[in-house]
Amino acid sequence: MPSDTSEPRPFLEQVESFFVATVQQGLALRPGDIEVARDWERRGVPFDVVRRGVADGVRRFLATAEPHQPLPGVLKYYRTFVEAEFRAWQRARALGMGIAAAPRAVAPSTDLAERALEVLTAWATQAGDAPSRTVFLAAADRVRARERGRPVGDLLDALDDWIASELLARTAADATWRGQVAAALQSARRRGVGTAALADLERAEFRAAAAEHAGYSGLVDACLAGREEHR
C-alpha cells in the first residue's frame with residue numbers, strides 16, 4: 001500500500017485531509033486533483049513522499065511570493081515537487097535504502113552502514129573546524145550503536161536531519177539563515193498552513209539552510225552516490 005502503514009485511512013483520504021489542512025482552502029480536493037492523487041496511488045507513491053513534495057512546493061513558493069499571496073490551492077501545482085521526491089525515493093529504494101514495496105534484491109544493511117561510516121569518517125577528516133568534526137564523529141557513533149532491526153535507511157534519513165540541525169546550531173547567532181527560516185515559518189503560519197505541513201516545511205527549510213550555509217550535501221545522497229559508483 002502506498003499509504004502510511006500506521007494510518008488506517010485510504011490513501012486518497014490521507015492526501016485530501018493533509019492537503020486541505022495545508023492550504024486552508026476548501027473542504028475537499030477538486031475533481032482534477034482527485035485524479036492526481038489517484039494516479040499517485042496507482043503508481044505506489046508513498047503518502048510520506050506526497051507530504052515532503054508538498055512541503056517543498058510550499059517552501060519554494062514562500063521564497064518568492066508576496067506577503068498577501070495565498071498558497072496555491074490546487075494539488076496540481078505541487079505535482080512537480082512530489083514527482084521529484086518520488087524519483088529520489090525510487091532511486092534510494094533501488095539501491096537498497098528503505099523497504100521495498102515488493103520483494104527485490106537489495107544490498108545488505110551492513111554494507112549500507114559501512115558506506116555511511118566511510119562517508120562520515122571522511123567528512124570528519126576533511127572538516128575545517130572542530131565543531132563540525134565532532135558532529136560527524138557523533139553521527140558515526142550513532143550508526144555503530146543503531147538499534148537491531150531498524151532499517152539503516154531510516155536511520156540515515158533521521159541522521160540527515162540531526163546533522164543539518166547540529167551544523168546550523170554551530171553557526172553565528174546572527175547568521176542570515178536563522179531569519180530566513182523564521183520568516184518562512186511565520187509566513188506559512190500566517191497563511192494557515194496545517195501543523196503537519198509546518199513540521200515538514202521546517203525540516204525542508206533546515207536542510208536547505210544546511211546546504212547553503214554549512215555546505216552540507218546530505219548523508220543519504222552521499223551514500224547513494226557511492227553505491228551508484230559501485231553498481
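The legends below describe an overview and two close-up views of a predicted model.

Residues are numbered from 1 along each chain as its sequence is written. Local features of this predicted model need pLDDT of at least 70 and side-chain atom pairs count only at pLDDT 80 or more, while totals for chains, interfaces and linings use all residues; side-chain values use heavy atoms, with hydrogens and water left out.

**Figure 1. Overview of the helical protein.** The protein contains 10 helices and 0 strands (DSSP runs numbered from the N terminus: H or I of at least four residues for helices, E of at least two for strands). Of its 231 residues, 42% are buried (under 20% relative accessible area with a 1.4 Å probe, protein chains only). Among contacts (heavy atoms within 4.5 Å) with a separation of 6 or more, 72% join residues 24 or more positions apart.

**Figure 2. Helix α3 and its packing partners.** Helix α3 comprises 18 residues, 47-64. Its first and last C-alpha atoms are 27 Å apart, close to the expected 26 Å (1.5 Å times one less than the number of residues). The buried residues of α3 include F47, V54, R59 and L62. Such buried residues pack against α1 (11-23), α2 (31-43), α4 (79-94), α8 (176-190) and α9.

Figure 3. E205 belongs to α9, which spans residues 195-213. Although buried, E205 has no salt bridge (a side-chain nitrogen of Lys or Arg within 4 Å of a carboxyl oxygen of Asp or Glu). Leaving aside residues up to four places away in sequence, E205 touches R59, V181 and A184.

How values were computed
Buried means under 20% relative accessible area, exposed over 50%, partly exposed in between (1.4 Å probe, protein chains only). Lys and Arg count as positive and Asp and Glu as negative; His and the chain ends are not counted.
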